[in-house]
Amino acid sequence: MDPTTDNAGKTAHPDAARASLEALRAEIAKAVVGQDPAVTGLVVALLCRGHVLLEGVPGVAKTLLVRALAAALELDTKRVQFTPDLMPSDVTGSLVYDTRSAEFSFQPGPVFTNLLLADEINRTPPKTQSSLLEAMEERQVTVDGTPRPLPDPFLVAATQNPVEYEGTYPLPEAQLDRFLLKLTVPLPSREDEIDVLTRHASGFDPRDLKAAGVHPVAGAADLEAARTAVARTTVSPEITAYVVDICRATRESPSLTLGVSPRGATALLSTARAWAWLTGRDYVIPDDVKALALPTLRHRVQLRPEAEMEGVTADSVINAILTHVPVPR
């Protein structure tokens, strides 16, 4: 494969890019304990130019995870705390009148960054939530009729609390569908929690990642080379049909009122290709599809009320579908 050149003139070979991205786990582990699946999901999203919804109770290092990823990739990051009084212009930016020049000038909002952490996104009304839709889909922001492109790479990592619903505004299906992955950030195991407390007792400061030893191990050139290699990853007709069969099965499930759309099927194919490349292959196998099915599809389906009352979850429905849909040989 040919090396890829980025805008700064730097080059990165796909094999070197894969090694650099694999090193991310060890680097982020210097600050975040026991969240390898979430780290992998964020890397997959970057390779697919997608966005991530992180769901977990407060205090499981969702914010720290995104900050550590940005530090290890040497990318710019900004954080927005979503609140009920947050306005769309607080996210996208606005025109400000300059009295000296007697003209309006655009002041960019925090969305103009590489990694945007939208903290507790479901605490702001739908009007402000929707201010991210154009940024996530078109990778631009239109203010006063003028489209303004966002930096590349650009990723929205939004967080939400799964247990507290008072004062929240559930994300509509159309917006959920814009997230490539929904990653659950669980509570740590007993051993991992002991490790966390031991680090804090030894002086670890989550606000000072440099002191924790987190340094850049990959950059924009590595991401661009990796994206080019992922785009060349082979997908057989049988794998394509397998992805379609899984998504169509969700539309026929008696436990669901809403199944996966064709956009969701495209997303599953993309994430499976990225995972295949990360694991060292230039072709996709059924196990790649299975590995990414839950995080790619769980937020794109809607349970029937009666199924939800019986304790059925989106994950259990998808797992049942993966069990019953024939696997290509």
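Modeller: Phe112 has a relative accessible area of 16% and is therefore buried; buried means under 20%, exposed over 50% and partly exposed in between, with a 1.4 Å probe and protein chains only. The model is predicted, so local features need pLDDT of at least 70 and side-chain atom pairs pLDDT 80 or more, whereas totals for chains, interfaces and linings use all residues. Residues are numbered from 1 along each chain as its sequence is written, and side-chain values use heavy atoms, leaving out hydrogens and water.

A pair of aromatic rings is described by the distance of the centres and the angle of the planes. Rings of Phe, Tyr and Trp (its six-membered ring) pair if their centres lie within 6.5 Å; planes under 30 degrees apart count as stacked, over 60 as edge-to-face and the rest as tilted. This rule gives 2 aromatic pairs. One of them joins Phe112 to Phe106 in an edge-to-face arrangement, with 5.8 Å from centre to centre and 70 degrees between the planes. Phe106 is buried as well, because its relative accessible area is 17%.

Tyr97, by contrast, is partly exposed, because its relative accessible area is 43%. Tyr97 belongs to strand β5, residues 93-98; strands (E, at least two residues) and helices (H or I, at least four) are DSSP runs, numbered from the N terminus.
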